[in-house]
Amino acid sequence: MKSDIEIARSIELKKIKQIAQSVNIPDEEISHYGRYIAKVPETLIDNEKVSKSNLILVTAITPTKAGIGKTTVSIGLALGLNRIGKKAICALREPSLGPCFGMKGGAAGGGYAQVLPMEKINLHFTGDFHAITSAHNMIAALLDNYMYQNQDNGFALKEVLWNRVLDVNDRGLRYIITGLGGKTNGITRESSFDITPASEIMAILCLAKDEDDLRRRIENILLGFTIDNKPFTVKDLGIAGAITVLLKDSLSPNLVQTTEHTAAFVHGGPFANIAHGCNSVLATKLAMTFSDYTITEAGFGADLGAEKFYDIKCRKAGLQPKLTIIVATAQGLKMHGGVELDKIKEPNMEGLKEGMKNLDKHIENLQSFGQTVVVAFNKYANDTDEEIALVRSHCKDMGIGFAVNNAFVEGGEGAIELANLVVKTIDENPSAPLSFAYEEDDSVEVKVAKVACEHYGAKQVLFGPAARKKLKMIEELGFGKFPICIAKTQYSFSTDPKQYGVVSGFNFNVRDIVINAGAEMLVIVAGEIMRMPGLPKEPQALHIDIVDGEIEGLS
């Protein structure tokens, strides 16, 4: 079979104007970024149409190094629904350069279920990530300058909470010292870099409901504390207008097309292990405005992405998903069943059975939110009929809908079984009101405990000294009602990435809390998770090149 990039290049793209016309987006409203990409203004959102559209979340079992293919399933489902005569649009996140040149090589789907043009989407796209990076670092530069210019007037921050970001995996920037080399180079202090998907600006962009809300949230960003213990914000710095200007174009969602020329929105890109893991509210609502079925995904496993999708995005945006699809693969299930990585492509029914405990735990968690759940089995070439039949039978015994997705190889044709299951399930199961893992009025400690103990399986939550200090600060500042956004490893329910399957009875250690006063959420940093990833021993960058004028190595 051709590689992803070969498949992408083999497809003759339609002009983006034609894609917009196919879903009744007015020609005069779109802003072209070349022939095949456009920005669509958020002012086209029609909340009455949003309320009538069927929102479908795609999530997954705990991911493994074998991959799950959640984006491929999301795109494939949109293709399948359109194949059976339904009007469907997917709303996805933008890829980050960090994973593209690090582990993954790309994040625009795979095989014959991709969003296109994949090279541009995986690289600089419409510049949204660069704008977010610039806006974040502009605040840092203006803050440093303010402190430098006003130090002789007695102004100082006893604690600076705002660091810098870069959309590159660079472990050398996790902890740094700025302002070295003399007085004119600024004030010497310790600082750090996060990766751009972890930026509060990214979270704000993805949660803002319009330009006014964007500006309001930017003004509320907490930058640090003065020597007399007063919070110092972007509003105090007087630069909210300038930062809003930097982000103005990025606020509008990006319209692209799939491998079968159906519309797709790709906008925003927070990671789910260190941020809230969902595409923008605006892109989701635009897709719902112009479609009867909107498919969106939440990053990594359901313990991270889906929980945050419900408890943060849906809670704040008033969204009500009609159905949640959990993606599983035979290889992933076998890894969770104790099978070694180098043997997961081999048939192993016992390992598969044991691994289904991970699937069952995620289904139980999803149902606790009041969601109807179906399983999408993402098919790989080496999967056997016996393995598929075993998972199908297991789901039948649980009363859970099951369908095989083969969109990677067959495009929309390979997702028709899943599409029919989705339509039938939504028609026959009126959605219950969404439940949440915790209440807004719960204390921060209770919120973390409810997620960690009831959803992850932890015995207890232990807050370290830095986290305890932040808890007191949060209470004093009145931020206790904010939803929580747990940052932990994606490879386990616990904070230990080597604990596969289902884990219970462990201590959930919280080492810090990052206050996102503008995004209006609290990032709970647990275990050894890093907000700036490092590169692997053999980064994908070693395989990315231009050969005979064509980009190679993206996938």
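Buried means under 20% relative accessible area, exposed means over 50%, and partly exposed lies in between, with a 1.4 Å probe and protein chains only. Helices (H or I, at least four residues) and strands (E, at least two) are DSSP runs, numbered from the N terminus. This is a predicted model, where local features need pLDDT of at least 70, side-chain atom pairs count only at pLDDT 80 or more, and totals for chains, interfaces and linings use all residues. Residues are numbered from 1 along each chain as its sequence is written, and side-chain values use heavy atoms, with hydrogens and water left out.

**View 1. Strand β21 has buried side chains on both faces.**
Strand β21 covers residues 484-487. I484 and I486 point one way. C485 and A487 point the other way. All four are buried. β21 runs parallel to strand β23 (residues 521-526), and four bridges join them. Two strands pair if DSSP finds at least two bridges between them. Across this pairing, I486 stands opposite I524 in β23.

**View 2. Four strands make an open sheet with mixed pairing.**
The strand order is β20-β22-β23-β21. β20 (458-463) and β21 are the edge strands, and each pairs on one side only. From one strand to the next, the twist averages 35°. Axes are lines fitted to C-alpha atoms, for helices over the stretch in contact, and angles run from 0 to 180 degrees between N-to-C directions. β20 and strand β22 (residues 506-516) run parallel and are joined by five bridges. A458 stands opposite F506 in β22.

Which residues does F508 contact, leaving aside its neighbours within four places in sequence? Among them are V448, A452, Y456, L462, I486, K488 and A526. Contact means heavy atoms within 4.5 Å.

**View 3. Two charged side chains sit over aromatic rings.**
A charge sits over a ring if NZ of Lys or CZ of Arg is within 6 Å of the ring centre and within 35 degrees of the ring normal. K488 lies over the face of Y456, at 4.8 Å from the ring centre. Both K488 and Y456 also contact F508. Elsewhere, the charged end of R315 sits over the ring of F436, 4.2 Å from its centre.

**View 4. Y146, F155 and F232 form one aromatic cluster.**
A pair of aromatic rings is described by the distance of the centres and the angle of the planes. Rings of Phe, Tyr and Trp (its six-membered ring) pair if their centres lie within 6.5 Å; planes under 30 degrees apart count as stacked, over 60 as edge-to-face and the rest as tilted. The whole structure holds eight aromatic pairs. One of them joins Y146 and F155, which are edge-to-face, 5.0 Å centre to centre with 90° between the planes. The centres of F155 and F232 are 5.2 Å apart and their planes stand at 55°, so this pair is tilted. F155 lies in the loop between α7 (128-149) and β7 (157-160), and F232 in strand β13 (residues 231-233), so the pair ties together parts 77 residues apart in sequence. Y146 is partly exposed at 28% relative accessible area. F155 is buried at 18%, and F232 is buried at 5%.

**View 5. Strand β13 lies at an edge of an open three-stranded sheet.**
The order is β7-β12-β13, and the pairing is antiparallel. β7 and β13 are the edge strands, each pairing on one side only. Neighbouring strands are turned by 35° against each other on average, direction ignored. Three bridges link β13 to strand β12 (residues 222-226). There, L222 stands opposite T233 in β13.

**View 6. Helix α12 is mostly covered.**
This helix spans residues 281-289. Nine of its nine residues are buried. They include K285 as well as L282, L286 and M288.
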